[in-house]
Amino acid sequence: MVFKLSASLSGHTSDVRALAAQGNDTLISASRDKTGRLWKRTAPSSFSEDSVLIDHTGYVNSVAAIPATAKYPDGLIATGGADKIIRLWDPTNPSKPVSKLAGHTDNICALAVSKDGKTLVSGSWDKTAKVWEDGVLKHTLQGHAHAVWSVLVLNDGSVLTGSADKTIRRWVDGVSKHVYAGHTDCVRALAALPGIGFVSSGNDSAIRTWSIDGACLGELYEHSSFVYSVDVLPDGAIISGGEDRCVKVWRNGEVEQTILVPSTSVWTVVGLLNGDIACGTSDGMVRVFTTDSERLASKEVAKEFEDANASFAMNKKTMGGLDTSKLPGKERLSQAGTKDQQVIMVKEGTVVEAYQWDQSSQQWSKVGEVVDAVGQTQKQVYDGKEYDYVFDVDIQEGAPPLKLPYNVTENVYSVAQKFLERNQLNMEYVDQVVDFIIKNTNGAQLGGDQNQGADPFTGGSRYVPAGTGQAAAGGHSADPFTGGNRYVPSGSSAGGFSNYSPPRDYIINKQGNVQAIVNKFAEFNGLLSNDSDGTAVTESQIEVIRGIEATVTSGKAVSPEAVDVVLKAVLAWPKNKRFPGLDLLRLVVASSPVAFSRFVDGKGFVEIIGAATGFFTLLSSSQAVLSKEDEINLMMGARALANSFAHAEGIELVWASRNEILTALNDSWLAVTNKNL
């Protein structure tokens with residue numbers, strides 16, 4: 001049975017940023033309305049507000065439930081937030097805190113507790129985590145370069161911290177013992193994975209599973225934006241929530257269910273002992289979902305939830321250049337979905353609606369309407385780029401206002417953080433900046449596309465091969481080849497060709513997060529080093545590869561040695577691990593003509609592309625069945641060939657092989673469904 005709504009908890013007047021559960025019948029929430037709230041189950045499918053925790057002077061961003069001890073047989077509640085003070089509450093007498101823990105110098109954004117209740121760990125924007133025992137500071141964990149967004153106490157007493165510096169650290173008795181690298185943006189959440197290790201999530205849209213000794217066991221990509229929270233259910237399923245209005249349930253490395261909520265941000269998810277899921281969202285609500293028929297919400301509550309989902313507006317720009325003229329009418333809803341939770345678009349007159357398929361009830365449910373983004377009628381120019389809005393922000397009387405550029409399809413929190421960083425302002429003001437943007441755009445950020453302008457090859461921050469739909473929030477460079485982010489000349493339509501003007505020059509793809517690509521190359525090489533087939537490159541060769549970043553970004557020629565390492569890797573490595581090498585080759589070719597004169601086992605550049613990707617065999621075969629790895633590798637190979645036109649040597653080489661290349665491309669549509677090919 002799939003998860004369905006069990007209860008909706010209303011009471012907070014602003015975003016619910018954190019949740020904690022005590023058993024099956026108690027939830028504690030923390031909110032930007034400066035309060036914490038204690039909720040008690042009153043019936044199988046309902047909770048009521050038991051008490052309100054009032055004492056904080058700023059946003060409450062973190063909460064933890066401390067198990068019972070001899071002194072406090074009912075346990076304690078810990079809350080932390082923007083006022084930099086941890087407060088401890090007795091749930092049986094919550095009128096005021098029983099204790100306050102001071103020491104942090106910035107927002108406390110994470111709290112975690114040991115199973116025995118003796119150890120409390122806090123994480124803060126002041127770049128530290130603190131370990132408290134029985135209310136006394138025992139260790140201050142210093143080593144991260146940026147804010148500590150997440151903390152976790154493991155069963156052996158060691159502590160994990162996740163940071164905006166993109167790393168996770170393991171601490172034993174206050175000493176950093178291990179650094180886990182892999183995330184390419186802020187690490188936002190950590191959860192224990194019993195019998196395996198732990199799971200992490202971040203702003204790179206990635207969820208990673210790890211062993212304690214440091215091996216990354218898996219990467220899960222289905223979220224389309226920041227993944228703010230992860231937890232693990234008693235049966236081992238991973239649950240996650242993020243900036244894409246989704247709660248996702250994962251089993252065996254795959255998404256088992258996607259739960260849509262009528263709110264842009266799912267700030268927090270937590271599993272209950274009975275297997276239910278609770279989430280806190282930016283609309284101030286706490287919602288509980290269950291698979292138990294006895295705990296399902298009443299028809300009235302379920303209908304209210306469905307109606308809220310159905311009326312939630314999704315921005316048309318998030319649909320990748322949605323061509324509404326090609327959408328089916330409502331008659332499409334008479335056909336069954338192909339899988340549970342499938343989402344389709346249908347057109348009713350001038351209105352585009354989104355529906356989700358429920359396999360258990362064999363019905364489509366409306367989950368939103370697709371609307372055009374609302375911005376200013378004329379683009380504003382700032383620093384050479386066009387924006388929907390450029391605000392003047394007065395920070396200090398008598399000082400010139402600061403410029404705050406914003407596109408309605410950008411992630412509003414990402415914009416706020418960048419604005420504060422650019423102007424060297426305290427990150428404590430991020431929420432005020434967000435509120436300012438929302439109020440001054442009249443809600444135009446609804447459903448904002450977190451992928452807008454993301455680097456089409458690396459997702460802007462994390463590294464994901466192009467065309468997989470796995471982009472994270474990023475910069476402003478649009479993909480000139482495909483999709484909703486492609487370049488459309490002024491006055492032309494993204495949905496047709498009537499006003500299309502072909503480019504006069506070769507389009508060379510130079511965009512790319514080179515550091516992320518190199519890191520992925522090194523990560524795959526580390527995995528291959530455990531094999532005995534000898535395909536892994538040496539550590540000294542990895543260092544040579546790392547030198548590509550400096551040469552590519554500076555426009556200098558890449559060394560022949562580095563090119564040789566890349567060429568050998570794309571030929572010898574398993575096809576599911578070739579894409580970082582092929583992506584590096586694309587950038588190398590755009591940067592310098594060195595690759596055109598290199599040979600591996602008698603193969604020249606064009607032949608290497610063919611052998612590494614199947615370009616001359618798979619594309620031209622109508623019988624070929626392409627795997628996801630095939631499509632990614634083919635796409636990378638095609639773009640490497642296209643970048644050959646950056647140099648006279650490359651033009652000559654591709655011209656000499658034009659017949660083979662065009663023959664392969666001629667019938668490629670027979671075998672390929674990937675729009676990027």
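**Notes on the model**

1. Let me begin with a loop. Arg 245 sits in the loop between strand E23 (238-242) and strand E24 (246-251). Keep in mind that this is a predicted model. Phi of Arg 245 is near 60 degrees, a positive value in a residue that is not glycine. For context, most residues other than glycine have a negative phi. With a relative accessible area of 6%, under the 20% cut-off, Arg 245 counts as buried.

2. Is Asp 134 buried or exposed? Its relative accessible area is 66%, so Asp 134 is exposed.

3. On to the hairpin. Strands E20 (residues 207-211) and E21 (residues 216-220) run antiparallel and are joined by four bridges. One of the pairings is Thr 209 with Gly 218 of E21. Four residues lie between the two strands of this hairpin, and Gly 214 in the turn has a positive phi of about 110 degrees.

4. Now the largest nonpolar core, which has 47 residues. The members that touch the most others are Phe 521, Ile 545, Ile 548, Leu 584, Leu 585 and Phe 605. Two or more residues come from each of helices H4 (514-528), H5 (539-554), H6 (560-572), H7 (579-591), H8 (605-613), H9 (628-643) and H11 (658-666). Apart from this core lies another, of 25 residues, including Ala 164, Tyr 406, Val 408 and Ile 437.

5. Leaving aside residues up to four places away in sequence, Ile 548 touches Val 558, Ala 562, Val 566, Leu 584 and Val 588.

6. Which residues bring H6 and H8 into contact? The axes of these helices are 8 Å apart, at an angle of about 35 degrees. H6 contributes Leu 567, Val 570 and Leu 571, while H8 contributes Ile 608, Ala 611 and Ala 612. By class, the contact has six nonpolar residues, with no polar and no charged ones.

7. Finally, H7. This helix has 13 residues and reaches 18 Å from its first C-alpha to its last, close to the 18 Å expected at 1.5 Å a residue. Because 13 of the 13 residues of H7 are buried, the helix is largely enclosed by the rest of the structure.

Terms used. Residues numbered from 1 in each chain as written. Predicted model: local features only at pLDDT ≥ 70, side-chain atom pairs only at ≥ 80, totals over all residues. Heavy atoms only, no water. Core = buried A, V, L, I, M, F, W, Y, C linked by side-chain atoms within 4.5 Å. Buried < 20%, exposed > 50% of the residue type's maximum accessible area, 1.4 Å probe, protein only. Contact = heavy atoms within 4.5 Å. Axes fitted to C-alpha atoms, helices over the stretch in contact; angles between N-to-C directions. Nonpolar A, V, L, I, M, F, W, Y, C, P; charged D, E, K, R; others polar. Expected span 1.5 Å × (residues − 1). Pairing = 2+ DSSP bridges.
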